[in-house]
2 protein chains.
Amino acid sequence: MAKSEKFAVGVDLGGTNIKIGIVSEDGKIISKTSIKTEAQAGPKAVIKNIKKGIDEILQTNYRKISGIGIGAPGIVSTKKGTVQNPPNLPGWDEIELGAIIKKEFGYKVSVENDANAAAIGELIFGAGQKYSSFVMVTLGTGVGGGIIFNKKLFRGEIGGAGEIGHVCIDPSGPRCNCGSTGCIEAYAGNHYIKEVVKKDLRNHPSSKIWELIEGDLERVSPRIIQMAAELGDVYAKEFIHDLGIKLGVAFTSISNILDISTFIIGGGVAGFGKPLLTTIKTTMISRVLTPLKNRIIIVPAKLKNEAGILGASALVFYNT
Amino acid sequence: MAKSEKFAVGVDLGGTNIKIGIVSEDGKIISKTSIKTEAQAGPKAVIKNIKKGIDEILQTNYRKISGIGIGAPGIVSTKKGTVQNPPNLPGWDEIELGAIIKKEFGYKVSVENDANAAAIGELIFGAGQKYSSFVMVTLGTGVGGGIIFNKKLFRGEIGGAGEIGHVCIDPSGPRCNCGSTGCIEAYAGNHYIKEVVKKDLRNHPSSKIWELIEGDLERVSPRIIQMAAELGDVYAKEFIHDLGIKLGVAFTSISNILDISTFIIGGGVAGFGKPLLTTIKTTMISRVLTPLKNRIIIVPAKLKNEAGILGASALVFYNT
């Protein structure tokens, strides 16, 4: 290990768990821990847990820490270090998380929205290193996004930019969690996928998915659909193809607005892999404006399971 | 007139006419001229006409010119001053328009895409002066756009950003000129509006539009629809309302992506006025993500007929 190497603490604040790690400047996780968020107990308890987790990880460490990065849900003011109304953390109006953690540990603290942190993670450590501009897409419970333009995060007026899950592809489409209709998240979010496939399966009695879930519809998941598709199941393959078209339609609107041609796809649903990514690309090429057609690039994210910790720690190494 | 006042030449390069004016730093047109583009005669003829027009306007002038701004269709590289594949100007692959005009007249020349120039025009001279960030929308033959973020134009990778006319609101919607389907331009572009209303009118024999066009369907225009609506015509009012909803759906996607909450609406179709703008706003408030709901602002453009000349000349006064 070179003496000059720098380290950061990355804190991935989730609704269920807080994941914390020490990460080197080249993106290696040196040590990590996880602690229950206890979101229902309110902000004081959550902050106590964050402190406890950071304290714990710092005890395992003898290295020089450059700073602490925190990826949090909700609206984040990076300047003020505040977190506002995070959807899964009840009772948080606006909390000066950055200042609180800085006061406790003395390190420089960077706070960012978790979807934006994921984009910075790919920029600093991942597939985004080789692109100046890209849209980071996280296909998970929701459809999250972050926009990198000229190696910088595009944050919008109050840090809310990149909410690509709420690009509408059909106003008469299904109700989305956000209150609107036909958002791409209402087709590609984990829960929505499960619900649609559970319904569809009744009309596809010979689908291989039935065997994989052993008849228990509650076991339907993106992973199961992917397995069925890999086994050649026609319904599962068509489902993934159709999802790719829908994502391609949404991403086309994004590319036409931003003139950004590279999309990095991460999150669990991205496990659909090449068939999904190829369909997204083909759809986009057929739909985007002419000057974009030759430039469309769709690549999988490099950061997988630990994307949260890596994204958060990348905030420390990212120069705004 | 203050001695220190600066002046710019603004050139609005259109498919039919080249409009040229001398504009003061506070946005007043001092003199102007118009010359046929003769697009069909190819780039050499068009460039000759641009030169002729600039020469003519300079002859009328005794003031100190700070520079020449050119708003051109197609893809513009502001750095290189090149114009690439403008849709209505046949034979232009990539032409170094900036260098050619600079060589001829000796002034600093700024070239920008015409939709982006319109956004800069509103920023420097118009309704955009009081906003840090906004999306400029031009509802004309097509639906053009330009994104201003923190008082700067957001250009994207190659200057193509802001193509908001090609945000899709329904992939199974009508064919758009761009080759895709269901783009907002395929509902709100001038031609599309005319075609739809001409068809609809057969089912609305008592619409006041019939009187206004004196039975001649070729005379249907946004202006006529607006007049009918102002006379209380139910069909015309519903048409405008429905268009406002569609625009609101498209703008919602844009706001969610960019976290930009102000839209400035210009162009001929914006003549539908308050009923259109109110419906856009109501639709957006009902659909955008929560943190945007209180912030949505929809205002008419300030620059009207001479928006092209003013936008082009604003390029000279705009600091990139």
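Mentor: Start where the copies meet: 100% of the interface residues of chain A are also interface residues in chain B, so the copies meet through the same surface. Contact here means that the C-beta atoms of two residues, placed from the backbone, lie within 7 Å. Keep in mind that this is a predicted model, where local features need pLDDT of at least 70, side-chain atom pairs count only at pLDDT 80 or more, and totals for chains, interfaces and linings use all residues. Residues are numbered from 1 along each chain as its sequence is written, while chains are lettered from A and ligands numbered from 1 in the order in which they are written.

Trainee: How many residues does the contact take from chain A and from chain B?
Mentor: It takes 32 residues from chain A and 32 residues from chain B. On the side of chain A that touches chain B, helix 8 and helix 10 (290-293) of chain A each supply at least two residues. Helix 8 of chain A gives the largest share of that side, seven residues. Helices (H or I, at least four residues) and strands (E, at least two) are DSSP runs, numbered from the N terminus.

Trainee: What classes do the residues on the side of chain A that touches chain B divide into?
Mentor: There are 17 nonpolar, ten polar and five charged residues. Nonpolar covers Ala, Val, Leu, Ile, Met, Phe, Trp, Tyr, Cys and Pro, charged covers Asp, Glu, Lys and Arg, and the others, Gly among them, are polar.

Trainee: Why are the two copies said to be related as by a two-fold rotation axis?
Mentor: Look at the superposition, done by least squares on the C-alpha atoms of residues with pLDDT of at least 70 in both. A rotation of 180° with 0.0 Å of shift along its axis puts chain A on chain B, with an RMSD of 0.1 Å. The two copies are thus related as by a two-fold rotation axis.

Trainee: What makes strand 3 and strand 8 of chain B stand at the edges?
Mentor: Two strands pair if DSSP finds at least two bridges between them. In chain B, five strands form an open sheet with mixed pairing, in the order 3-2-1-4-8. Strand 3 (29-36) and strand 8 (109-113) of chain B each have a single partner strand, so one side of each is left without a neighbour in the sheet. The twist averages 15° from one strand to the next.

Trainee: In what sense do strand 2 and strand 3 of chain B pair?
Mentor: Antiparallel: strand 2 (residues 17-24) of chain B and strand 3 of chain B share seven bridges. B:V23, for instance, stands opposite B:I29 in strand 3 of chain B.

Trainee: Which helix of chain B packs on the sheet?
Mentor: Helix 11 (residues 307-317) of chain B does, touching strand 1 (7-13), strand 2, strand 3, strand 4 (65-72) and strand 8 of chain B. Its direction makes about 130° with that of strand 1 of chain B. Such angles run from 0 to 180 degrees between N-to-C directions, and axes are lines fitted to C-alpha atoms, for helices over the stretch in contact.
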